[in-house]
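Take a moment with the model below. Then follow a short walk from the overall fold down to a single residue.

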Amino acid sequence: MGSFIGVWKGHATDPETRYRGSSAGVLTALSTWLLESGRATRVAGAGAGRDPRRTVPVSITTKEEALASAGSRYAPTATLANPDIQLPGTAVIGKPCEISALRSYVDAAGLGGVRQPAPIMLSFFCAGTPSAHATQRLIESLGIAKGTPPDSLWYRGRGWPGRFTVKLRDISRSMSYDESWGKVLGPATQWRCKVCPDGVGESADIAVADFWDSDESGYPIFNEAEGSSAVIARTIRGKGILMEAVSEGIIELDPIDINSLASVQPLQVQRRTGLLARLTGSLVAGRRIPRFTGFGLTKMAGRQPRLFLRVARGTYRRIHSEKS
């Protein structure tokens, strides 16, 4: 789950914000509060484009804009392409990889001092970025003709976990999160995401995740319910922001054990423990692979040698079959 200063279970106190967010609206609530309190002049994030099938960088300056951008966007976008990130007072909500890049830039540029403070960096647990074509397949599976842009589209939120929903004039069609992510979006994630060491926002000031209920075997249950987030302070700055937000009634937080979060985020655990094996299988199959340091991959792989061999072999076979 990465390093942390504090971890809690929480949610936005405003009912509409909690409902609209993917998992309890914590990032949406923090965005609105940062703006209204003057702690940030704008929040750079992602939202639907004019064609709602596309996801684009957006700048949020009001609660209305924050609510409009609430909810996950399971499609490619480039949050850091937003030129407003260069402006003082900007907070950023980005994928873990984007926040990692921003943190590296800030550190290399020597930013973060009193005269030019670093952006407030907010992130979320990420299982990977699906292809934009996957969104189109979902739309067509709901009976919307190919090439017809819907009036609105959202992947999650408006409930928890929320349903993939498309609206076109007087037509509204949807499918469950389990169906949309499990059968179409998840399998369409790009290869680079499958060998990413950080799906948990390690470089952020604050990272947020779904805090699912789980069945007897520990697997997450995706029944509709009120949203519940795990909220992680990864820096002293992040913890200070969270404590101020709690004191002002913006969010509610209750301490939890980090292991309880790991138990309901099995994908993130499997990704980290099996990553060295996937990298090894990819390398043997002839692919160039990225190099990572500081994640303890060798140590984790050594704890489960049978798993290492099985995952490495499976990765090699998949890549080899794609080449054939």
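Predicted model: local features only at pLDDT ≥ 70, side-chain atom pairs only at ≥ 80, totals over all residues.

The protein averages a pLDDT of 92. At least 70 is the score of 98% of the residues. Confidence is highest in strand E13, residues 251-255, with a mean of 98. It is lowest in strand E11, residues 220-221, where the mean is 77.

Now the fold. The protein holds 13 helices and 13 strands. Along the principal axes, its C-alpha trace spans about 55 × 50 × 45 Å. A compact globule of 324 residues would have a radius of gyration near 20 Å; the protein has 20 Å, so the two agree.

Look at how the chain meets itself. Among contacts with a separation of 6 or more, 70% join residues 24 or more positions apart. Of the 324 residues, 48% are buried.

The accessible surface comes to about 16,100 Å². Carbon and sulfur atoms account for 52% of that surface. The protein carries 41 positive and 29 negative charges. Their mean positions lie 11 Å apart.

Finally, zoom in on Thr-17. This residue sits in helix H1, which covers residues 15-20. Is Thr-17 buried or exposed? Its relative accessibility is 4%, and buried means under 20%, so Thr-17 counts as buried. Which residues does Thr-17 contact, leaving aside its neighbours within four places in sequence? They are Ala-12, Gly-25, Thr-28, Ala-29, Lys-63 and Leu-67.

Technical notes
Residues numbered from 1 in each chain as written. Heavy atoms only, no water. Helix = DSSP H or I, 4+ residues; strand = E, 2+ residues; numbered from the N terminus. Rg over C-alpha atoms; globule rule 2.2 N^0.38 Å. Buried < 20%, exposed > 50% of the residue type's maximum accessible area, 1.4 Å probe, protein only. Contact = heavy atoms within 4.5 Å. Areas by Shrake-Rupley, 256 points an atom, 1.4 Å probe, with all protein chains shown as cover. Lys, Arg positive; Asp, Glu negative; His and termini not counted. Charge placed at Lys NZ, Arg CZ, Asp CG, Glu CD. pLDDT = per-residue confidence, 0-100.
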